[in-house]
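Hi everyone, thanks for having me. Today I'd like to walk you through the pockets in one protein model, and then a pair of helices.

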Amino acid sequence: MTKTNQPEGIPIHLGIIPDGNRRWATSQSLPTLEGHRRGMDVAKELAIASFDRGVTYFTMFAFSTENWTRTKSEVGYLMDLFYRLVTKEFDELESRHVRLRVLGRRDRIPKRLRLAIEQVEERTKDNQAGTLALCIDYGGEQELADAASSLAAAGVAPDEITPELLSGHLYSPDIPPIDLVIRTSGEHRTSGFMLWRTAYAEYYFTEINWPAFTTADLDAALADFAQRTRRFGR
């Protein structure tokens, strides 16, 4: 669903690694969980702002395959936040004709969240104003392993596998490569985020904790991206 009138200098696909929720909460003398709540509010605000600026795909790394090792109370709170986002909080995005996609495993998330995801994905599948993609129980290595398993299950011979064929077996294969990744909170690593789709992505790192990231900070990142020359290995 790439737009034909893409604004010059604006990434088609923006990826977010929203680091620093817990650090922000600590800096504000707030409970850790409050950092996650504020971080989710910021995600919604920034997704809307991104679509308004011409971004077509907004993908957020919400919960990694490694995040299950966190405390039971923190994991439960995050799952409740995701449920709220894809139900009550998604109403505004749906009214703006945004569709929802969720990438990652679904066998380990709570049943009510899984069913809610399926319902909203089906209801919004034809929306054309933008795609909000959430990576929940997602790992970049796991995605590639699952794609390989899918190819094997389809009976594809090893010498027939091409990058294009493998791309078609990723989670939500219609979602295109990422153009720009923003990672907050001063961290400088990929953490397995969308390994295949970030092969030629530009990266923008900031010291700002995610709950403190504003639309002005988004504009700064987009302006920086617009000044870069992308060569794609050529």
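Let's start with what a pocket is: on a 1 Å grid over the protein atoms alone, it is an open set of points where a 1.4 Å probe fits, with protein on both sides within 12 Å along at least five of seven lines, and its lining residues have an atom within 4 Å of a point. Its volume is the space filled by probe spheres set on the points.

Please keep in mind that this is a predicted model, where local features need pLDDT of at least 70, side-chain atom pairs count only at pLDDT 80 or more, and totals for linings use all residues. Residues are numbered from 1 along each chain, and side-chain values use heavy atoms, without hydrogens or water.

So, the largest pocket comes to about 520 Å³. It has 23 lining residues, and Pro18, Asp19, Phe61, Asn67 and Arg70 are the closest to its centre. Strand E2 (57-64) contributes the most to this lining, five residues; strands here are DSSP runs of E with at least two residues, and helices are runs of H or I with at least four, numbered from the N terminus.

The second largest pocket holds about 230 Å³. Among its 16 lining residues, Pro176, Pro177, Ile178, Trp196 and Arg197 sit nearest the centre.

Now the helices. H2 (residues 32-52) and H3 (residues 72-86) pack at about 20°, with axes 10 Å apart; axes are lines fitted to C-alpha atoms over the stretch in contact, and angles run from 0 to 180 degrees between N-to-C directions. H2 and H3 are therefore roughly parallel, a label for angles under 35 degrees.

How values were computed:
Angles under 35 degrees count as roughly parallel, over 145 as roughly antiparallel, 65 to 115 as roughly perpendicular and the rest as oblique.
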